[in-house]
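Take a look at the chain below.

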Amino acid sequence: MIVGKGSMIGEEDIITSSGGLYSCNVKCISQVATYYRINKDSFISLKSQDDVWLSVLEKALWKEKQKGAEHIGEKIAKA
């Protein structure tokens, strides 16, 4: 999946409590990029801010739907 400006990576692992295992790897192909990193505890503290946490969950759900769409597209291409 290609992500752009304003995207989050790895939030699914914390939301689903995957026990410290990471399901995401990132490769930057841009010559100019900026990224921000926060630790798990700081990320979880966002739960106390309802509007922010709702936004996080909505983005995670959208990404899951995109992954499903990519998976279906791969199956169609193989058929």
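**Confidence, fold and surface**

The protein chain has an average pLDDT of 75, and 76% of the residues score at least 70. pLDDT is the predictor's confidence in each residue, from 0 to 100. This is a predicted model: local features need pLDDT of at least 70, side-chain atom pairs count only at pLDDT 80 or more, and totals for chains, interfaces and linings use all residues. Residues are numbered from 1 along each chain as its sequence is written, and side-chain values use heavy atoms, with hydrogens and water left out.

Three helices and zero strands make up the secondary structure. Helices (H or I, at least four residues) and strands (E, at least two) are DSSP runs, numbered from the N terminus. The order from that end is α-α-α. Among these elements, α2 has the highest mean pLDDT (82), and helix α3 (residues 50-78) has the lowest (73).

Now the contacts (heavy atoms within 4.5 Å). Of those with a separation of 6 or more, 62% join residues 24 or more positions apart.

Of the 79 residues, 13% count as buried. Buried means under 20% relative accessible area, exposed over 50%, and partly exposed in between (1.4 Å probe, protein chains only). The chain exposes about 7000 Å², with 57% of it supplied by carbon and sulfur atoms. Accessible areas come from the Shrake-Rupley method with a 1.4 Å probe; for residues, only the protein chains shown count as cover.

Finish at Val-26. This residue sits in the loop between α1 (11-15) and α2 (40-44). Val-26 is exposed, because its relative accessible area is 61%.
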